[in-house]
Amino acid sequence: IYLTHARFIGLKVNTNMIRKVVLNSRPGNNGQPVPGNFRVEEGDLPSDLKPGQVRVRTLFLSVDPYMRCRMNEDTGTDYLLPWQLSECVDGGGVGVVEDSKHAALSKGDTVTSFNWRWQTEDVVDGAGLQKLDPQLVDGHLSYFLGAVGMPGLTALLGVREKGHVTAGAGQTIVISGAAGACGSLAGQIGRLDGCSRVVGVCGSDEKCGILVSELGFTSAINYKREDVASRLRECCPKGVDVYFDNVGGPISDTVIAQMNEDSHVILCGQISQYNKDVPYPPPLTASTQELLFRKNITRERFTVLNYVEKYEEGLMQLSQWIKTGKLKALETVVQGIETMGETFCSMMEGGNIGKQIVQISV
């Protein structure tokens, strides 16, 4: 009623009001995150842009497992800064330029950033934004946060740089966290690059069915209701040659126990350990460490940030696969900035299939 009345009598309504998500509290190094760790606030944006600045409207925001580390006072890594209490949190985002005083960006441009604040709109330095070509994803802009973005690059470069996949060699690749943003892509890429057998480990029968029927996995194992060791022996009769590790913990110990000599572990993530106060990568059991040594199994930490020079070529490959249907991108999309905290916590508990996305506007 107030807004309608204000317009009617000619008063100026504040069009710079925004909504944003701030870190309300920390879960503790050994705690499970809860939606209450986040809160939504209202705020204002500057009315005028300074030279070099742009105003952007947020279209999509990403929630990712690595963000759990940023909820702690110390992230445990040298390339991630912690989120600060009562300050707006940030991560991967895609939006559209609404106004610009930056020479390389114009109104209507689609842009992205790894440090996109969780706000409905923002005023930022245009130099920190990357302009996107919507044709790379056939207009499906959220793919820039998934299959043709950092998760896609992580899957592609992880397999190619650390997996040592050889076409025609009849290799078997196992993916843990296989129905997640990265795992669902890594399994498909392993198949595209020449693995003859692709086995996924995930947490529900629904996810297992999707991996096999939609993504071309050879088989899938539900670790919540099946005996992983016995099922691995069934699904990988010749042992495991490549293991794309997204989870760590007992599942990884079980997979590594069935790996062949001179095989390779791609150490991508350890989501099962992120709510525990342990170093990264978490220490292995003595028996698993001995097995790695005895079988000459490589287990090298993979950080996609170390391969910046390969991003452009990698994104072109991912885009081409997406356009031709060789690579399928799964997404779980939730609407509204007020859902960010709940959606993050759901993703950490495996509530998503494929990339978890929050759509903020259209």
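This is a predicted model: local features need pLDDT of at least 70, side-chain atom pairs count only at pLDDT 80 or more; totals for chains, interfaces and linings use all residues.

**Exercise 1.** Determine which residues of helix α7 are buried, and where they lie around the axis of the helix.

*Solution.* Begin with helix α7, which spans residues 249-256; Gly-249, Ile-251, Ser-252, Val-255 and Ile-256 are buried there. Next, look down the axis of α7: these buried residues fall within an arc of 140 degrees, so they line one face of the helix. Finally, identify their packing partners, which are the strands β8 (172-176), β9 (197-202), β11 (240-245) and β12 (259-267), together with the helices α6 (228-235) and α8 (286-295).

**Exercise 2.** Describe the phi angle and the setting of His-164 and of Asp-262.

*Solution.* Recall that most residues other than glycine have a negative phi. His-164 has a positive phi, near 55 degrees, and belongs to the loop between α3 (150-162) and β8. Asp-262 also has a positive phi, of about 60 degrees, but lies in strand β12.

**Exercise 3.** Locate Tyr-79 and find which residues it contacts beyond its neighbours within four places in sequence.

*Solution.* Tyr-79 is in the loop between α2 (67-70) and β4 (90-100), and is partly exposed at 39% relative accessible area. Setting aside those sequence neighbours, Tyr-79 contacts Arg-301, Thr-303 and Leu-305. With Arg-301, the contact includes a polar one between the two side chains, at 3.5 Å. Leu-305 is 226 residues from Tyr-79 along the chain, yet their C-alpha atoms are separated by 9.0 Å.

Methods
Residues are numbered from 1 along each chain as its sequence is written. Side-chain values use heavy atoms; hydrogens and water are left out. Buried means under 20% relative accessible area, exposed over 50%, partly exposed in between (1.4 Å probe, protein chains only). Helices (H or I, at least four residues) and strands (E, at least two) are DSSP runs, numbered from the N terminus. The arc is that of the directions from the helix axis to the C-beta atoms. Contact means heavy atoms within 4.5 Å. A polar contact is a pair of N or O atoms within 3.5 Å; within protein, one must be able to donate a hydrogen and the other to accept it, and residues adjacent in sequence count only if both atoms are side-chain atoms.
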